[in-house]
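I opened a new model today and kept notes as I went. Here is what I looked up, entry by entry.

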Amino acid sequence: MSTIIAFGEEQRRQPLLQSTPTSGNEEELAAFSSPNEPDALKLTLTDSSQRLLSLDVFRGLTVALMILVDDAGGAFPSINHAPWFGMTIADFVMPFFLFGVGVSISLVFKKSSSKPLATKKVILRTIKLFLLGLFLQGGYFHGRNNLTYGVDVDKIRWLGVLQRISIGYLLASISEIWLVKNVMVDSPTAFVRKYYVQWIVATLLLSFYLCLLYALYVPNWEFQAPSLTLSTNGSHTQIVHCGVRGSLEPPCNAVGYIDRYLLGEQHLYRRPVYLRTKECSVNSPDYGPLPPDSPEWCLAPFDPEGILSSLMAVLTCFVGLHFGHILLHYKGPMHRVLLWSISSFTLLISGFGLEMLGKLSHMTIQFNTMIFLY
């Protein structure tokens, strides 16, 4: 199937993928230039659906994977989310969604007749998606026999899956609308000149995240733990002893500290994934009763879609942007695969390097803390 995607400026925004009759069985990507749009791209699609089929297939597979891990993850812990450290197939679902968001943004906002108008649409869509997430995760139905909907403002969960996607969509879209240079891509150097500002922003976000993760001091903190015995009613105060920097363990990491400080303990997720760790479950890696010597933090709330961790979600959208840019500017399938592979291996090597740097930084911080205390 031959495909051409048309981008241009008109009084009203036209569909991204224009359907025109062509011949051939391969996807064709052709760049053209005009006096006002030096880097406009034309991509023609014969399919009446006017969609990028490869992206739709990727989304469908991601949804299928989500259904699989949600329904079968409890029976097969190997495909459930990792209790804390590590990774399973379930941990790819959210990054896949965010990656797809980034690729879509690179297609939709490649050419916009009005940047302020496009920004307004992005903000409105972000608000709608965020509010939908609040409706689904922040409220509750009163019961099977009472189909009324209610919200407990004192305990509403502010962040969640859709809220994270909305944050990633907002920042990635704003960067695509305002930070892309008006340069015609006719060489690899021109490709870099066009998008280098986005890469700088992504690097700054990553640096900011790492600085907070490893340098922010996490003091001792307390929370209201629910009672686990019939003889004790209500909740009681538990104190978690931290006083460290650079910890990646569940109780004393900077991610949880920032969420508790800015969002409040009552507005966090009440059934965190670390309840399936060996310290907190006799059935680990599945949920189960607490071990007799379980630490106090096992019953503490923790939001997996918190503020600081959402910065990494934004970076996943930026990765999708980059892969979408390659799709737009390079027409040869092998050329695309080569550039995608180079980008993937670069990110993979960088990830391993940051992991080693993080372990080294953690050891250094712990060593300096011991020297200071003793």
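**Entry 1: two helices side by side**

I looked at H1 and H2 in this predicted model and found them roughly antiparallel to each other (an angle over 145 degrees; under 35 would be roughly parallel, 65 to 115 roughly perpendicular, and the rest oblique). H1 covers residues 53-72 and H2 covers residues 93-108; they pack at about 160 degrees, with axes 10 Å apart. The axes are lines fitted to C-alpha atoms over the stretch in contact, and angles run from 0 to 180 degrees between N-to-C directions. Helices here are DSSP runs of H or I with at least four residues, strands are E runs of at least two, and both are numbered from the N terminus.

Next I checked who meets whom (contact is heavy atoms within 4.5 Å). On the H1 side I noted Phe58, Leu65 and Met66 among others, and on the H2 side the list includes Phe96, Gly100 and Leu107. By class, this contact has 12 nonpolar, three polar and one charged residues.

**Ground rules I wrote down**

Residues are numbered from 1 along each chain as its sequence is written. The model is predicted, so local features need pLDDT of at least 70 and side-chain atom pairs count only at pLDDT 80 or more, while totals for chains, interfaces and linings use all residues; side-chain values use heavy atoms, leaving out hydrogens and water.

**Entry 2: the whole chain**

I counted eight helices and 10 strands.

**Entry 3: H6**

I found Ala254, Ile258 and Asp259 among the buried residues of H6. Their cover includes H5, S7, S8 and H7. Asn253 caps the N-terminal end of H6, with a side-chain oxygen 3.2 Å from the backbone nitrogen of Val255. After H6 comes Gly264, and its phi is positive, near 95 degrees.

**Entry 4: the loop between H6 and H7**

Is Thr277 buried or exposed? Thr277 is buried, at a relative accessible area of 9%. I placed Thr277 in the loop between H6 and H7. Its side chain reaches the backbone oxygen of Tyr274 at 2.7 Å. Leaving aside residues up to four places away in sequence, Thr277 touches Pro83, Trp84, Ser284 and Trp297.

Ser284 turned up again: a cis peptide bond joins Ser284 and Pro285, with omega about 10 degrees. Pro285 also lies in the loop between H6 and H7.

Definitions and conventions
Ala, Val, Leu, Ile, Met, Phe, Trp, Tyr, Cys and Pro count as nonpolar, Asp, Glu, Lys and Arg as charged, and the others, Gly among them, as polar. Buried means under 20% relative accessible area, exposed over 50%, partly exposed in between (1.4 Å probe, protein chains only). A polar contact is a pair of N or O atoms within 3.5 Å; within protein, one must be able to donate a hydrogen and the other to accept it, and residues adjacent in sequence count only if both atoms are side-chain atoms.
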